[in-house]
Amino acid sequence: MGSVRYFGEGLTYLNPGRLRGKLIAIEGTDGSGRSTHIEMLQEWLEVQGYGVVTTGWTRSSLMSKAIEVAKKGNILDRWSFSLLYATDFADRLEHQIIPALRAGFIVLADRYIYTALARDIVRGGNPEWIRNVFGFALIPDLVCYLRIDVDTLAMRVIESKGMNFWESGMDLRLGSDLFDSFKKYQMQLIEQYDKMAEEFRFEVVDARKPPEEIQEALRSKIEPILKTAKKAASAPTQPEAVPIEPEPEQLSP
Ligand SMILES: Nc1ncnc2c1ncn2[C@@H]1O[C@H](COP(=O)(O)OP(=O)(O)O)[C@@H](O)[C@H]1O
Ligand SMILES: [Mg+2]
């Protein structure tokens, strides 16, 4: 990662040390193809000898159960949800992402803080507040955004797993039924991702194309940043001793 850069203050109690790996975030709305491509990217990278760790939204051992329960009950307001997501992410950052980067692994993140920003903002959240909440996040080496239009997305989701309550934003009561709500909610999310794509310089990939073409495009975006990544074969299996380093550089979002 070179020098460690955070969106805000970072995890102030933690000296991350030297991060030799690469952090690659795959962003995109529900059903845009993130899981499909992360699986293919992992295999492609491992065949080349890279150590790969994947991490996904709400997958922390600390918070995944609590988030599941909160979603079932639909009793929490957007602040509480954002804070649950932030806690989940902080746990994964400290216990999974940073240790893997220290050890020279490539971390593929299925969603990143941009998803939390988009979801909070479409629920009327204050952009400044939510960005501050996630100020502890590392700035990824690369963010690939799987961009899709809402009509293609709706067809794809109907043909696969179907529409669910949260992916349809039913808590927002935007539409008369699940389908109507899904389209309105996803349209608003996509609008937010599109705005952030410019601000945060996402690499945008057209997610409407066949999977092979998308995978090809993703690989061509990732290849240049691998040049400086250590091969897993030459990386120690345990994280290195953490040298004392100067305070990490801070960037505003
Ligand atoms: N490029 C594509 N074209 C058509 N269908 C796709 C494409 N990519 C993924 N799918 C299908 O769309 C559905 C959602 O893909 P998935 O990878 O699970 O998305 P996500 O993880 O972003 O929610 C799956 O059934 C998958 O097989
Ligand atoms: Mg998925």
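# Notebook: helix packing, ligand shell and loop residues

I began with the pair H1 and H8, whose axes lie 10 Å apart and which pack at an angle of about 55 degrees. That angle makes H1 oblique to H8, because angles under 35 degrees count as roughly parallel, over 145 as roughly antiparallel, 65 to 115 as roughly perpendicular and the rest as oblique. For the axes I used lines fitted to C-alpha atoms, for helices over the stretch in contact, with angles running from 0 to 180 degrees between N-to-C directions. I noted the crossing of H1 and H8 as right-handed; a crossing is left-handed if the near helix is turned anticlockwise from the far one by less than a right angle, and right-handed if clockwise. On the H1 side I listed Thr36, His37, Met40, Leu41 and Trp44 as making the contact, and on the H8 side Pro211, Ile214, Gln215, Leu218 and Arg219. Two residues are in contact if their C-beta atoms, placed from the backbone, lie within 7 Å. I sorted this contact by class into six nonpolar, three polar and one charged residues. Ala, Val, Leu, Ile, Met, Phe, Trp, Tyr, Cys and Pro count as nonpolar, Asp, Glu, Lys and Arg as charged, and the others, Gly among them, as polar.

**On the model and its numbering**

I am working with a predicted model, in which local features need pLDDT of at least 70 and side-chain atom pairs count only at pLDDT 80 or more, while totals for chains, interfaces and linings use all residues. Residues are numbered from 1 along each chain as its sequence is written, and chains are lettered from A and ligands numbered from 1 in the order in which they are written. Helices (H or I, at least four residues) and strands (E, at least two) are DSSP runs, numbered from the N terminus.

**Ligand 1**

I looked up the 13 residues around ligand 1 and found that Gly33, Arg34, Ser35, Thr36 and Ser160 come nearest. A residue is near a molecule or strand if its C-beta atom, placed from the backbone, lies within 6 Å of it. Helix H1 (34–47) and helix H8 (211–226) are the elements that give two or more residues to this shell. H1 gives the most, with three residues. By class, I recorded three nonpolar, seven polar and three charged residues in the shell.

**The loop between E2 and H1**

I next checked Gly31, which is placed in the loop between strand E2 (22–27) and H1. Gly31 is buried, with 24 other C-beta atoms within 10 Å. A residue is buried if 20 or more other C-beta atoms lie within 10 Å of its own, exposed if 12 or fewer, and partly exposed in between, with C-beta atoms placed from the backbone. Leaving aside neighbours within four places in sequence, I found Gly31 in contact with Leu153, Arg156, Val157 and Ser160. The C-alpha atoms of Gly31 and Glu167 are separated by 9.1 Å, although these residues stand 136 residues apart along the chain.

Thr29 also has its place in the loop between E2 and H1. I counted Thr29 as buried, with 26 C-beta neighbours inside 10 Å. Beyond its neighbours within four places in sequence, Thr29 is in contact with Ile148, Leu153, Gln186, Leu189, Ile190 and Tyr193. For Thr29 and Ile148, 119 residues apart along the chain, I noted a C-alpha separation of 8.2 Å.

I turned to helix H4 (residues 113–122) and helix H7 (residues 178–199), whose axes come within 9 Å and cross at roughly 130 degrees. H4 and H7 are therefore oblique to each other. H4 passes H7 in a right-handed crossing. The contact is made by Tyr114, Leu117, Ala118, Ile121 and Val122 of H4, together with Gln188, Leu189, Gln192, Tyr193 and Met196 of H7. I classed it as eight nonpolar, two polar and no charged residues.

Helix H3 (residues 78–102) packs with H4 at an angle of about 180 degrees, their axes being 11 Å apart. Arg78, Ser82, Tyr85 and Phe89 of H3 make the contact with Ile113, Ala116 and Asp120 of H4. By class, I noted four nonpolar, one polar and two charged residues.

**Positive phi**

I found a positive phi of about 50 degrees at Arg173, which is not a glycine. Arg173 is placed in the loop between helix H6 (150–159) and H7, and is exposed, with 8 other C-beta atoms within 10 Å. Arg201, likewise not a glycine, has a positive phi of about 55 degrees. I located Arg201 in the loop between H7 and strand E6 (203–206); Arg201 is exposed, with 10 other C-beta atoms within 10 Å.
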